[in-house]
Amino acid sequence: MSVNLSKNGAALQAAYKDVVDGKTKTNWALFTYEGNSNDIRLAGTGDEGLEELVDELSSGKVMYAFCRVQDPNSGLPKYVLINWTGEGVNDARKGACANHVSTMANFLKGAHVTVNARADEDVEPDSIMEKVAKASGANYNFHKETSRGSDAPQGPVGSVYQKTNAMSEIKRVGKENFWAKAEKDEEERRLEEQKKTNLERERLERERKEREQKEAEDRERRFKERAGEIDAQRRVQLETEKKDRVSECAKS
């Protein structure tokens, strides 16, 4: 099925416009689906750039992000579109949503760089900004050279040692916990709505049966009343005919 941008169209357009026109501090907007439907809703906005945006991406969701950044070469605003399919999304959902990418690109038009991502390493802000720089016609180095006198832990030559960024790890774990809770809350909300729908359906069915039973009883009552009236009229007619015959016999 095709993606639905109409249901929440006003909110979607407003968020996109805020990012594009630059009249507000908002520089990114994030969009996702309502549950397992094809209806797109606004998932969030912010004004702290890519670093803030990527923290909102959920491993269990398909999402679309549109972000305004500053070209490191020209200083002009550039726009980045991120098509995010979390690693926790099932294959059937991935296949269905893959058909929506072109429609979302047409809606979030004007992107200078498009990133198709599945994991955190695909949306590293520095990596995305390098793509922005290359798209403007020049390479740009976003990484400061490490000082030879740095006291950062050094692994042996040829090792795969990596320094652990404690704050990034904390944020990652916090983000996963947040989205896990959000998923749980959404599932509980869906179940509650389903329960209400079932109760409403049962109520309507009960009222329908009661109404049909009452109508049947009314029909039966009217039928009996009519039958009684016919019997009474028949008895009167027979009595009249009997009297007429007696009268004729008396005359003869």
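Visitor: Of the contacts in the protein between residues at least 6 apart in sequence, what share joins residues at least 24 apart?
Guide: In this predicted model, 63% of the contacts between residues at least 6 apart in sequence join residues at least 24 apart.

Visitor: Where does Asp-55 sit, and is it buried or partly exposed?
Guide: Asp-55 belongs to the loop between α2 (49-54) and β3, and it counts as partly exposed because its relative accessible area is 24%, whereas buried would require a value under 20%.

Visitor: Okay, stepping back, how many helices and strands are there?
Guide: The protein has 6 helices and 5 strands, and read from the N terminus their order is α-β-β-α-β-β-α-α-β-α-α.

Visitor: Which strands does β4 pair with, and in what sense?
Guide: Strand β4, covering residues 77-85, pairs with β3 (residues 62-70) in the antiparallel sense over 9 bridges, and with β5 (residues 113-117) in the parallel sense over 5 bridges.

Visitor: How many residues of β4 are buried?
Guide: Strand β4 is mostly covered, with 7 of its 9 residues buried, and for the protein as a whole, buried residues make up 25% of the 252 residues.

Visitor: Switching to cysteines, how many disulfides does the structure hold?
Guide: The structure holds 0 disulfides.

Visitor: Why do Cys-67 and Cys-97 count as buried?
Guide: Cys-67 counts as buried because its relative accessibility is 0%, and Cys-97 is also buried because its relative accessible area is 3%, the cut-off for buried being under 20%.

Visitor: Last one, what does the accessible surface come to, and how much of it belongs to carbon and sulfur?
Guide: The accessible surface of the protein comes to about 17500 Å², and carbon and sulfur atoms account for 49% of that area.

Technical notes:
Residues are numbered from 1 along each chain as its sequence is written. This is a predicted model: local features need pLDDT of at least 70, side-chain atom pairs count only at pLDDT 80 or more; totals for chains, interfaces and linings use all residues. Side-chain values use heavy atoms; hydrogens and water are left out. A disulfide is a pair of cysteine sulfur atoms within 2.5 Å. Buried means under 20% relative accessible area, exposed over 50%, partly exposed in between (1.4 Å probe, protein chains only). Helices (H or I, at least four residues) and strands (E, at least two) are DSSP runs, numbered from the N terminus. Two strands pair if DSSP finds at least two bridges between them. Contact means heavy atoms within 4.5 Å. Accessible areas come from the Shrake-Rupley method with a 1.4 Å probe; for residues, only the protein chains shown count as cover.
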